[in-house]
Amino acid sequence: MKDAMLDTPAIELRGIRKTFKLSEERNAKTVLALDGIDLSFRKGEFTTIIGPSGCGKTTLLRIIASLETADEGDVLVDGDIVTEPGIRRAMVFQNFGLFPWKTVIDNVMFPLKLRNFPEEEARSKAIKQIKQVGLEKFSDAHPHQLSGGMQQRVGLARALATGADILLMDEPFGAIDAQTRELMQEEMMRICEEEKKTVIFITHDLDEAVMLADRVLLMSRGPGKVRELIDVDLPRPRFEYDVRAHKAFAEVRGHLWHELRNDLIEQSAEGKS
Amino acid sequence: MKTRSNREIRRDQIVGVLIFLTIWEITARFLDNKLVLPSVSQIMAAFWDLLISGELILALSESIWLLVVGLFISTVIGFILGALVARSRTAYWMLNPYFSALFATPTIALVPLVLVWFGFGFPGRVIVVVLAAVVPIMFSVASGLRDDPKDLVDVARSFGVKGELALLFRVRVRAALPVLLAGLRLAAGRGVVGMAVAETYLRLGGIGGLIKSYGSLFQTDYVFASILPLSLLGITIVSLIGRLERRFHWS
């Protein structure tokens, strides 16, 4: 019984299928965005998703977050079908998604207050997370006063403060300059070392995909499908050494690039982007 | 030009007022005609008289009450119609021409109709204020809610905000608040004009009534003494809303 509990994946996707209408009209053409996705994500596992643009990776993440509903198939959290956003899953957004009218601390407290945490408890949880991402001096600042990297730290603090054990991250460092991104990646490694989170992390960046992941999910497009799942066998903690210099890193990265490259060339041969 | 500190601005304003009042006083004494141009000191005496007799306080409270009720009703109606127009293209094309027409029509032109339909009592006066003030509110709500902050709505939903109404008020209205308050400020200015029109063209009352009745008695000093609080009322309301705007603006 206990083993069965341990084996229950944090998230399971069963036969996810999603189509989109191309316009608002009633008889508009539809495109198949995701076709029969079956996947499971183990507890504490870090999965990065990579694939050409238009492969439906963001749609997949939004379906896992219950921000969108699939036409067919189910999303299970800990073995239970979910249809609405829940407190176990927290999302980190590409454009940070901070409320511009709220201060840093109010942004971080927002999900906690929604879940009816008492003011004092919400505040102390928020302060703790803001400290952890090193922004305690900016608690009362507004988002527009912060750099992109700092804003995403707030986004991360907000997700962590909810206490969610599943983090859904949609290209969280995509809009951040290269050097800050390196720091954020290190921080991500550290956080995952300290508190075992189940993370699903979309990225365009091959290095990032390999560096952070226990497992890389490579998707292909037209319609979006799982092309390959690759285990990344790099020792942890990874912030303690130069991951890029490791042999396994080069192997996985090389393989991923080979596959992605073929997909991209096929795409341009079809004459659409 | 160099940027000015608040203190320098205040100093400039005070000096400006003093120069203006001095020129006024000199001109008035030179003309020596109380009917055409009473002197500053005569106006002040009239103002003091109105204040002591309680006439001014009474009129002012009547006017403020009319303005508050009128602006409140304008806000409710303007918000509902504005939200409708922002969310539905059909409603937009059906209603927009009427609102544009109402915006362009001087409120005073509608007074005879209001008189016939609603009488010259309080309801009629409120209607005049609403006719003057509702359109800017409706326009600002419509334009503020039209740019949908889709990303932020997603954020709110992902952290557990449920239902269209909750999303409307917690995210969409909040994001549009600077635009909505700018509309309210414009509406308040027009509302003051509507109020004065209602008070002078329907049954006399409030500050508008005071101005009109002293005008027909040719007591020009008392007319000026009544115009003064009317202007102050307008300035106060508009600057209060301006202060709110700064409070809720984030950049």
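Predicted model: local features only at pLDDT ≥ 70, side-chain atom pairs only at ≥ 80, totals over all residues.
Reader: Is the crossing of α3(A) and α4(A) left-handed or right-handed? And which residues of the two helices meet?

Author: The crossing is right-handed. On the α3(A) side you will find V104(A), I105(A), V108(A), M109(A), L112(A) and K113(A); they meet A122(A), R123(A), K125(A), A126(A), Q129(A) and I130(A) of α4(A). Sorted by class, this contact has 8 nonpolar, 1 polar and 3 charged residues.

Reader: Now the two chains. How many residues does each chain bring to the contact?

Author: Chain A gives 17 residues and chain B gives 13 residues. Helix α3(A) turns up again here: with 3 residues, α3(A) supplies the largest share of the side of chain A that touches chain B. That side of chain A divides into 12 nonpolar, 4 polar and 1 charged residues.

Reader: In chain B I was looking at V111(B). Is V111(B) buried or exposed?

Author: A residue counts as buried if 20 or more other C-beta atoms lie within 10 Å of its own. V111(B) has 21 C-beta neighbours inside 10 Å and therefore counts as buried. V111(B) belongs to helix α5 (residues 111-118) of chain B. Leaving aside residues up to four places away in sequence, V111(B) touches V128(B), V197(B) and Y201(B). V128(B) is 17 residues apart from V111(B) in sequence, with 7.0 Å between their C-alpha atoms.

Reader: How do I read the sheet in chain A, and what is its strand order?

Author: Strands of a sheet pair through backbone hydrogen bonds, in a parallel or an antiparallel way. This open sheet has 6 strands in the order β6-β7-β8-β3-β9-β10, and the pairing is mixed. β6 (89-92) and β10 (225-231) are the edge strands, each pairing on one side only. On average, neighbouring strands are turned by 20° against each other, direction ignored. For one pair, follow β7 (residues 166-170) and β8 (residues 198-202) of chain A: the two run parallel and are joined by 5 bridges. Within that pair, L167(A) has V199(A) in β8(A) as its bridge partner.

Reader: Last topic, the backbone. Which residues have a positive phi without being glycine?

Author: As a rule, most residues other than glycine have a negative phi, and most peptide bonds are trans. D78(A) has a positive phi near 55°, and N116(A) has one of about 65°. D78(A) sits in the loop between β4 (72-77) and β5 (80-81) of chain A and, with 15 C-beta neighbours inside 10 Å, counts as partly exposed. N116(A) lies in the loop between α3 and α4 of chain A, and its 8 C-beta neighbours inside 10 Å make it count as exposed.

Reader: And where is a cis peptide bond found?

Author: Look between R236(A) and P237(A), where omega is about -5°. P237(A) is in the loop between β10 and α8 (247-270) of chain A.

Conventions. Residues numbered from 1 in each chain as written. Chains lettered and ligands numbered in written order. Left-handed = near helix turned anticlockwise from the far one by under 90°. Helix = DSSP H or I, 4+ residues; strand = E, 2+ residues; numbered from the N terminus. Contact = placed C-beta atoms within 7 Å. Nonpolar A, V, L, I, M, F, W, Y, C, P; charged D, E, K, R; others polar. Buried ≥ 20, exposed ≤ 12 C-beta atoms within 10 Å, placed from the backbone. Pairing = 2+ DSSP bridges. Axes fitted to C-alpha atoms, helices over the stretch in contact; angles between N-to-C directions.
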